[in-house]
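Me: I'm new to this structure and would like to learn how to read it. Could you take me through it feature by feature?

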Amino acid sequence: MKESRRLLSLDILRGLTVAGMILVNNGYGESFRPLQHAKWNGMTPCDLVFPFFLFIMGVSTYLSLSKYQFHVSGEVVRKIVKRTVLLFLIGLFINWFDHAIEGDLLCFGHLRIWAVLQRIALCYGIVSVLALTVNHRYIIHLVVALLVVYGAILWWGNGYAQDPSNILSKVDNWLFGADHLYTKSSVDPEGLVGTISAVAHTLIGFYCGMMLKKAKDVNAKVMSFLLTGAILVIGGYLLSFLLPLNKRIWSPSYVLMTCGLAALLQGVLMYVIDVKGKKKWCGFFHVFGVNPLFLYASSEILAIVLGTVGVSQWVYGLIHSVIPSFQWASLSYAIYFVLLNYILGYILYKRKIFIKL
């Protein structure tokens, strides 16, 4: 564990991802196409940030639970349950706060149940339980089984339809009702059924954490990540001919492709940072990497507050008066918002305050 703690690259990938999540979530007005999610099939750079976070969370889950030798104990169970529930409740709070700040305090009849933090919570909780109860030799078998089952659900359940006939939409509507789901499309992108493949996604990260721990030195870690990443990317590309890349439904090909790209980037970062020692550029992203979930959650709340009181509109208007292009003005606003959250993170970083959600 001591060696893995010296791998600054793990925090940097996490920080890059969180900064990216904040950037793509807060473009104002008309954003550049690469900073928008794919409408349905296909993938843009924007579609990489959330899956990268789930991947690195899987890696971190292995490293964290390895301190307990993966033995079930009251301490470990309490930690897993507490973190899972806390993340889910914070996600619900953000959804509630979005209504409450406009005066709709009793919005429970139409409160969206699912969102990014809720999916993170479920993936963390389920993968942590599996890590304690399943022999790690069978992790890849479990990943394959989950992706095959989910692929079958999509194949026979009209899972690529952009309408209510989609099996994912049907199940989520039956279980929770339309008032509690995402309203901008017929399929909730963080709905319950899609969690099946998201868990497989996190398990791939977990497996990579196991590789990281067992590799004899940093060079071996780099090679294992690069090789694994290449295999996953090729596998995702080939599978996309049968089950196209699709973030909205978290398709199996999307899982393999994004996990592969995350592993490749982690391998490159390990080589640049941990092998070559080129660390001068890392400070900005390290701030986001050591308080990732807190800064993501606080950015969501800050965006709601600034939008409600009119600050977002005023700042964007000021930027747009200087930068006529809608896309460049939108990107400039998103960068401003990332820097705003960086200031908060930097204050915590300098005071060595690390908030574990």
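Predicted model: local features only at pLDDT ≥ 70, side-chain atom pairs only at ≥ 80, totals over all residues.

Me: Where does Pro324 lie?

Reply: Helices here are DSSP runs (H or I, at least four residues), numbered from the N terminus. Pro324 sits in the loop between helix 13 (311-322) and helix 14. Its C-alpha atom is separated by 57 Å from that of Gln69, and the two residues are 255 apart along the chain.

Me: How do I check a helix, and what span should helix 4 have?

Reply: The expected span is 1.5 Å times one less than the number of residues. Helix 4 has 27 residues and should therefore span 39 Å; its end C-alpha atoms are 37 Å apart, which agrees.

Me: Which parts do the buried residues of helix 4 pack against?

Reply: Contact means heavy atoms within 4.5 Å. The buried residues of helix 4 pack against helix 3 (49-65), helix 5 (116-133) and helix 12 (292-309). Among those buried residues are Val76, Ile80, Leu87, Phe88 and Phe97.

Me: Which residues make the nonpolar surface patch?

Reply: A patch takes residues with over 30% relative accessible area and no salt bridge; nonpolar side chains (Val, Leu, Ile, Met, Phe, Trp, Tyr) are joined within 5 Å, and like charges within 9 Å. Accessible areas come from the Shrake-Rupley method with a 1.4 Å probe, and for residues only the protein chains shown count as cover. Here Val72, Val77, Val81, Val85 and Leu89 make a nonpolar patch of about 420 Å². One of them, Val81, belongs to helix 4 (residues 74-100) and is partly exposed at 46% relative accessibility.

Me: What is the phi of Phe70?

Reply: Phe70 has a positive phi of about 60°, although it is not a glycine. This residue is in the loop between helix 3 and helix 4, and Phe70 is buried, with a relative accessible area of 14%. Asn158 also has a positive phi, near 55°. Asn158 is in the loop between helix 6 (139-156) and helix 7 (167-176), and is partly exposed at 41%.

Me: How do I read aromatic pairs, and how many are found in the whole structure?

Reply: A pair of aromatic rings is described by the distance of the centres and the angle of the planes. Rings of Phe, Tyr and Trp (its six-membered ring) pair if their centres lie within 6.5 Å; planes under 30 degrees apart count as stacked, over 60 as edge-to-face and the rest as tilted. A search of the whole structure finds 20 aromatic pairs. In one of them, Phe284 and Tyr342 have ring centres 4.6 Å apart and planes at 20°, so this pair is stacked. It links distant parts of the chain, 58 residues apart: Phe284 is in helix 11 (residues 283-290) and Tyr342 in helix 14 (residues 326-350). Ring pairs also join Trp281, Phe284, Phe285, Phe288, Tyr342 and Tyr346 into a cluster.

Me: How many salt bridges does the structure hold?

Reply: A salt bridge is a side-chain nitrogen of Lys or Arg within 4 Å of a carboxyl oxygen of Asp or Glu. The structure holds 4 salt bridges. One joins Asp188 and Arg112 at 2.7 Å, N to O, and both residues are buried. Arg112 also forms a salt bridge with Glu190, with the closest N and O atoms 2.9 Å apart. Arg112 is in the loop between helix 4 and helix 5 and Glu190 in the loop between helix 7 and helix 8, so the pair ties together parts 78 residues apart in sequence.

Me: Which residues do salt bridges with shared partners join into one network?

Reply: Glu190 and Lys247 meet in a salt bridge too, at 3.8 Å, N to O. Through shared partners, Arg112, Asp188, Glu190 and Lys247 are joined into one network.

Terms used. Residues numbered from 1 in each chain as written. Heavy atoms only, no water. Helix = DSSP H or I, 4+ residues; strand = E, 2+ residues; numbered from the N terminus. Buried < 20%, exposed > 50% of the residue type's maximum accessible area, 1.4 Å probe, protein only.
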